Amino acid sequence: MHVPDGFLDVPTSIATGTMAAGFLALASYRARDELSMRGPALPGLTAAFIFAGQMVNFPVGVGTSGHLIGAALAAALVGPWIGTLVMSVVVIVQALVFADGGITALGTNLLLLAIIPVFVAYGVQRLVLRLARYRRPAVVPAAALAAFVSVPVSAFVFTGLYLLGGAIELPVGGLLASMVGWHLIIGIGEAVITAAVLGAVLAARPDLVRIARPLTAEESSQAAESPTRASNRSIVTVGLALSLIVGGGVSLLASANPDGLEYVAESLGFLDTAEESVAVASPLADYALFGESVIGASLAGVIGVVFTFAVTLAIAFALRSLSTRASSTV
Amino acid sequence: MERPSARETGAIPAHPKLLSLIVFALSVVGVSAGAWEALAVHAVIVFVVLGLARVPIGRILRGLTFALPFVVFAVVTPLVALGPRTEVLGVSVSSPAVDAALLMIAKIVIALLASIAFSATSSAQELLLAFDRLRMPSTLTAIVSFMIRYAVIVGDDVRRMRIARQSRGGQDHRVAHFRAIASSVGTLFIRSYERGERVHLAMLARAYDGVFPAAAGRSASAAEWAVALSPAVLALIVTVASHVLGS
Amino acid sequence: MTAAIEIENLSSAYPDGTHVLDGVSLRIERGERVALLGPNGAGKTSLALHLNGILGIGREGLRTGRVSVEGIEVSTRTAAEVRRRVGMVFQDPDDQLFMPRVRDDVSFGPANLGLRDEALDERVRDALADVNMSDHIDRAPHRLSFGQKRRVAVATVLAMKPDIIVLDEPSTGLDPSSRRELADVLESLDLTILMITHDLPYAAEMCHRAVILDQGRVVADGPILDILRDTELLHAHRLELPYGFSPPSAH
């Protein structure tokens, strides 16, 4: 799912480009100590690994194969900041060396494939590990859940970006349901692959798995002192159950098509056009709100920035409040 | 205007070409609905560049497959899009969406052709020099450099592991073999990581002190800038003109 | 006279306490060519990495004893100077050739030493000429044959004008003619050479002296032909000559 040029309009592309550049600058800044101590070779090799790993086909049943996307795996292996840099470099090389993904869409692709999934995955991993009181057997399930969540969240953000800067007006409900629904299935594949690969690394070289490193005696004893509230656990459980039900439901509709977006396009074609009435309710979907003027277009772009940023912030705050609640109940 | 030969196009340093690609793609994306003439000019420009650069047809076709899912998306969306309906071949579709879909497909294909022209005429090394010239943060350029250098080697590892699995009766399309594939990918990470550590040692052994040197590269002459930027400037003028004339 | 390499009672251990080097003492004079032999896991590579302070200094300084190179004691303070003087050719040339082109790779070291422009170019050209790889200056490393990669790896080190060159398994993976070409290159250099190898005939051809390291200890040190003729000694340390090879009797 590398967005090409021409799929989103200029203001949205510039907005996502600016945001992506900002995040990359932040990631480079936060990773600078590690980079200066351990050099740029390790992240470079990790990027080469993700790039090559994406080409390995995994059999996922019914005669189809899937492949790794890698953001959650990178987050687990090398942490959020280096992980963001690693995934970004993969996306940049794919766009510029292989023409896979547009040049004006580079910012969009960086947000959707590198920045957002790495951070969502890292957040989920930390949260689950905290809830599981940093027990080592929780590492692989945490990474799997994180991989599962990171894919539909990107699809959700993509839907938002499309509604702001997409060329064709579409019913919001239908687009969102198809995009997120299908990507829940892709998320399941990503979760299974991430879990299996991470499990293999953990078995051979647990010291190389960043997310498993805080599981030192010190931290686990600290965690043991803070009993976790049942409500937090139930939130996660309910969320997971819901996602699985939705994902399972959509999977019944799934064809053998390996590409999510293509499938979405097809499934949209089967949707009842009665859904139209639902969609009109969203003011953002209605481009005419701003007219065709340049001001209108840039306003849409600005809202695009605010929207994407709000999603990221909301996730960050949700994680923070959950985790502080978990730790403040000592 | 004197046209550059294919050889010259390939020899121009990548940074003017990269800048040119960005401006060109923005010009294509920025064309407003109905301005088909502008897109037609863009198409001519990109075909002329592809022709002059002698980009092989196979490479162009392979590159175009990246657009496929999105073209399918654009074809299907008029069925469900909003707006007044019209009949095409007996199917009810949204009429503004048909125009929008065609426009989208045209933009995607033209911009993708431009990206193919860039990637086909710029080697990975030239790209690194371009990053340097365009003031990309040096840490990021260094990571890209290592990734490009070692992607081939790690890719070879992938191939060797697949052959090793197959030699021992592994069948990669069978779900039962999922775990074997996963563990070979896990091994791939460990090997890559350990190689990363060794490369870092090799750098330290050659007096690396935290500053990754810029690869040696030459700057572009004024003439090269002019040649590289001419398609982009032309495209930009066409897009701006279509906005001015269209409003 | 100052020795090229002087190691006094060097011991080191992994963080878990396992000994890697256990009281190694070794003196190598300027211009000597010494083969460092021993079974896998004997500590040969570890010893080599102590010579230029990649191991044994700074935070991970789980080391006792002293290492001096050309009279300079290896420490955090002298690491930069020592790394210039000791050129390390790693086992896998793909680890050593990490830049996009041969030219960039050979200039990496001297550029880190502060050389620029014409002086830098000259170093690169000279180093590549020394290993007969001048024609490949603009190639990408993955386009070179294995033997060519190894020679470029030697050039990356020569470009730093070292006094000592340490090679880790230089003949591994080379076909016979590449092996010959590398030997010719190394013979032509007027440098102190320490060569880690399992390739005993190659060692016999290139070196005058051999040191056997086993379990972190120096267990033999002497003229290489004497050592290679001592079948029992070789056998005790998991070394053996290839079938049909016998060391020349005179030296």
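Trainee: Let's start with α7(A): how many of its 27 residues are buried?
Mentor: Happy to, and keep in mind that this is a predicted model. The helix α7(A) is largely enclosed by the rest of the structure.

Trainee: What distance does α7(A) reach from its first C-alpha to its last?
Mentor: With 27 residues at 1.5 Å a residue, 39 Å is expected for α7(A). The computed reach is close to that, at 38 Å.

Trainee: Which residues are in contact with V89(A), leaving aside its neighbours within four places in sequence?
Mentor: One partner lies in chain A, namely A47(A). The others on the list belong to chain B.

Trainee: Which element supplies the largest share of the side of chain A that touches chain B?
Mentor: In this interface, 72 residues of chain A are in contact with 77 residues of chain B. Several elements of chain A supply at least two residues each, including α1 (10-30), α5 (80-98) and α8. By class, that side of chain A has 45 nonpolar, 17 polar and ten charged residues. The largest share, twelve residues, comes from α3(A).

Trainee: How many residues of α8(A) are buried?
Mentor: Helix α8 of chain A covers residues 172-204 and reaches 46 Å, close to the 48 Å expected. It is largely enclosed by the rest of the structure, because of its 33 residues the number buried is 26.

Trainee: Is A204(A) buried, exposed or partly exposed?
Mentor: A204(A) sits in helix α8 of chain A, and its contacts beyond four places in sequence are G186(B) and I190(B). Within 10 Å there are 14 other C-beta atoms. A residue needs 20 or more to be buried and 12 or fewer to be exposed, so A204(A) is partly exposed.

Trainee: Over in chain C, which strands are at the edges of the open sheet?
Mentor: Four strands run in the order β2-β1-β4-β5, with antiparallel pairing. Helix α1 (residues 44-51) of chain C packs on this sheet, touching β1, β2 and β4. The edge strands each pair on one side only, and they are β2 (19-28) and β5 (72-73) of chain C.

Definitions and conventions: Residues are numbered from 1 along each chain as its sequence is written. Chains are lettered from A and ligands numbered from 1 in the order in which they are written. This is a predicted model: local features need pLDDT of at least 70, side-chain atom pairs count only at pLDDT 80 or more; totals for chains, interfaces and linings use all residues. The expected span of a helix is 1.5 Å times one less than its number of residues. Two residues are in contact if their C-beta atoms, placed from the backbone, lie within 7 Å. Ala, Val, Leu, Ile, Met, Phe, Trp, Tyr, Cys and Pro count as nonpolar, Asp, Glu, Lys and Arg as charged, and the others, Gly among them, as polar. Two strands pair if DSSP finds at least two bridges between them. Axes are lines fitted to C-alpha atoms, for helices over the stretch in contact, and angles run from 0 to 180 degrees between N-to-C directions.
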